[in-house]
Amino acid sequence: AEYVKQWYQRRVRGTAKYYKEYAAAEREEIRLDREAKATGNYYVPAEAKLAFVIRLRGENNIPPKPRKIMKLLRLRQINYGVFVKLNKSCKEMLRIAEPYIAYGYPNLKTVRELSYKRGFGKVNGQRMHINDTSVIEESL
């Protein structure tokens with residue numbers, strides 16, 4: 001029982017550390033924005049690094065190139081959604097497939113809720129439901 005208690009405390013401390021880190025980054029963004037406004041300048045925040053993409057249309061009447069892109073993004077059926085790391089090539093793919101998909105930039109809360117509700121990960125070659133961080137910690 002003591003081992004479980006210590007393990008839980010370590011996990012809570014680690015999670016709290018990340019919460020603190022994200023809160024500090026958010027406060028820094030707000031500070032920079034206010035500072036720029038005070039001096040009469042504009043503050044341009046950094047571009048998003050992650051996007052959530054959802055397929056809107058079915059298979060019919062879609063040209064080959066957007067169809068292949070949706071296959072590469074693992075958007076095989078209508079209403080499927082995936083998280084995508086945004087880089088130059090991925091942005092180009094999203095631009096080509098834009099009439100058939102919708103995408104946006106999620107915040108930390110949305111990512112957490114979606115991954116806990118619908119997320120799956122591979123652990124030892126098996127597809128496991130992600131219901132808390134312990135599944136991810138064990139696989140690392």
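Strand 1 (50-55) and strand 2 (81-85) run antiparallel and are joined by five bridges, where two strands count as paired if DSSP finds at least two bridges between them. Helices (H or I, at least four residues) and strands (E, at least two) are DSSP runs, numbered from the N terminus. Within this pair, Phe52 stands opposite Phe83 in strand 2. Strand 1 is also joined to strand 3 (residues 101-104), by four bridges and again in an antiparallel arrangement; here Ile54 faces Ala102 of strand 3. The model is a predicted one, in which local features need pLDDT of at least 70 and side-chain atom pairs count only at pLDDT 80 or more, while totals for chains, interfaces and linings use all residues. Residues are numbered from 1 along each chain as its sequence is written, and side-chain values use heavy atoms, with hydrogens and water left out.

A separate pairing links strand 4 (residues 120-123) and strand 5 (residues 126-129), which run antiparallel and share four bridges. Phe120 lies opposite His129 in strand 5. The two strands form a hairpin with two residues between them, and Asn124 in the turn has a positive phi of about 55 degrees.

The largest nonpolar core contains 15 residues. Such a core is a set of buried Ala, Val, Leu, Ile, Met, Phe, Trp, Tyr and Cys residues joined through side-chain atoms within 4.5 Å, buried meaning under 20% relative accessible area (1.4 Å probe, protein chains only). Val53, Met70, Leu73, Leu75, Val84, Leu94 and Ile101 have the most contacts inside this core. At least two of its residues come from each of strand 1, helix 2 (64-72), strand 2 and helix 3 (88-96). Ile101 touches Val53, Ile54, Arg55, Leu56, Met70, Leu75 and Leu94, when residues up to four places away in sequence are not counted; contact means heavy atoms within 4.5 Å.

Over the whole protein chain, five helices and five strands are found, in the order α-β-α-β-α-β-α-β-β-α from the N terminus on. The radius of gyration, taken over C-alpha atoms, is 20 Å, well over the 14 Å that the globule rule (2.2 Å times the number of residues to the power 0.38) gives for 140 residues, so the chain is more spread out than a compact globule. The C-alpha atoms fill a box of roughly 60 × 55 × 20 Å along the principal axes. Buried residues make up 18% of the 140 residues. Of the contacts with a separation of 6 or more, 57% join residues 24 or more positions apart.

How values were computed:
Buried means under 20% relative accessible area, exposed over 50%, partly exposed in between (1.4 Å probe, protein chains only).
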